[in-house]
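Biologist: Please put the structure up, and I will ask how its labels were assigned.

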Amino acid sequence: MKIRAMFTKLGSALDTTLLFAKRTFVFIIFIALAAAIIGGLSGRKIEIPEEAILVLDLEGPIVEELSQTEFEQVINELTESSTPEILLSDLIAIIESARNDDRIQYLLLDLEYFGGGGPSKLQAVARALKDFKTSGKKIIAYSGLGYTTSSYYLAAQADEIHMHDYSALLIEGYRSVRTYYKPYFRDDMSEEAKNNVIEWISVLWSTYLDEVSQARDIDSAKFKNYIDFPVEALKLSNGDLAKAALEAGLVDKLSNKREFHDYLVSLAGDT
């Protein structure tokens with residue numbers, strides 16, 4: 001009986017402690033939320049030094065509408081359970097604002113964790129980036145994990161493309177996936193549907209090749225050849241994927257994160 005009573009008291013103590021911890025945690029969340037709201041309403045100006053580099057940390061996919069409310073985003077960020085998303089309108093507004101801000105001289109596209117986006121969204125961002133460059137300011141792109149189809153499309157808009165020397169540039173192109181249910185009409189794609197998909201994907205792919213080649217000022221045929229025959233490019237670079245991209249003219253510089261940081265410091269100082 002003594003042992004049972006002891007465990008009963010221990011259980012009650014643990015329940016009380018757990019309840020207190022939960023209440024404290026919720027209280028901290030609301031304090032942080034209130035601080036964020038008050039900070040936003042106070043209109044405090046952020047000090048931006050001259051010759052500054054604006055870093056666009058493009059984490060997550062580009063979307064036209066967020067899947068969560070601002071309140072849900074704050075809660076999820078505090079509990080480290082958020083799924084990053086980039087609101088298209090916000091991204092374009094930031095780029096336009098940076099174009100007109102004399103303190104900002106460089107725009108850095110951090111594409112390491114970029115989640116991609118549909119062709120129309122990428123094109124909208126590309127137009128904003130092109131407009132940014134008309135101000136005489138430069139765009140720099142970097143990824144420590146290499147580039148894919150979507151991330152390279154945006155990187156191609158930059159004046160300089162940097163990539164980690166241990167990564168790779170791998171472009172897979174476009175594809176379409178559809179589920180078929182045998183109980184209905186058929187369990188495979190009809191020839192008509194197949195030809196229709198091939199037609200519109202071919203248009204998207206051709207547009208991608210042309211726009212990236214033009215932005216990067218490289219030959220479209222050579223660019224396509226690099227994508228279609230990566231083994232040939234690897235042979236020329238002795239199996240080094242990063243070096244293959246460099247030698248093909250698809251990136252400008254290979255460097256690790258420390259070297260790239262030092263390069264940014266040389267442009268604008270340690271700000």
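Modeller: This is a predicted model. In it, strand E4 (residues 104-110) and E5 run parallel and are joined by five bridges.

Biologist: What makes E4 and E5 a pair?

Modeller: Pairing requires at least two bridges. E4 and E5 have five bridges, so they count as paired. Asp110 stands opposite Tyr142 in E5.

Biologist: How do you know that E5 also pairs with strand E6 (residues 160-163)?

Modeller: Four bridges join E5 to E6. The cut-off is at least two, therefore E5 and E6 pair. These strands run parallel, and Tyr142 has His162 as its bridge partner in E6.

Biologist: Which helix does the chain pass through from E5 to E6?

Modeller: The chain crosses through helix H5 (residues 149-155), in a right-handed β-α-β crossover. E4, helix H4 (residues 119-133) and E5 also make a right-handed β-α-β unit.

Biologist: Why is strand E5 (residues 138-143) called mostly covered?

Modeller: Buried means under 20% relative accessible area. Five of the six residues of E5 are buried, so the strand is described as mostly covered.

Biologist: Why is Asp217 called exposed?

Modeller: Its relative accessible area is 69%. Exposed means over 50%, so Asp217 qualifies. Asp217 lies in the loop between helix H6 (191-216) and helix H7 (220-228), and has a positive phi of about 60° although it is not a glycine.

Biologist: What makes Asn238 exposed?

Modeller: Asn238 has 71% relative accessibility, and the cut-off is over 50%, so it counts as exposed. Asn238 lies in the loop between helix H8 (230-236) and helix H9 (241-247). Its phi is positive, near 55°.

Definitions and conventions:
Residues numbered from 1 in each chain as written. Predicted model: local features only at pLDDT ≥ 70, side-chain atom pairs only at ≥ 80, totals over all residues. Heavy atoms only, no water. Buried < 20%, exposed > 50% of the residue type's maximum accessible area, 1.4 Å probe, protein only. Right-handed = clockwise from strand over helix to strand, strands pointing away.
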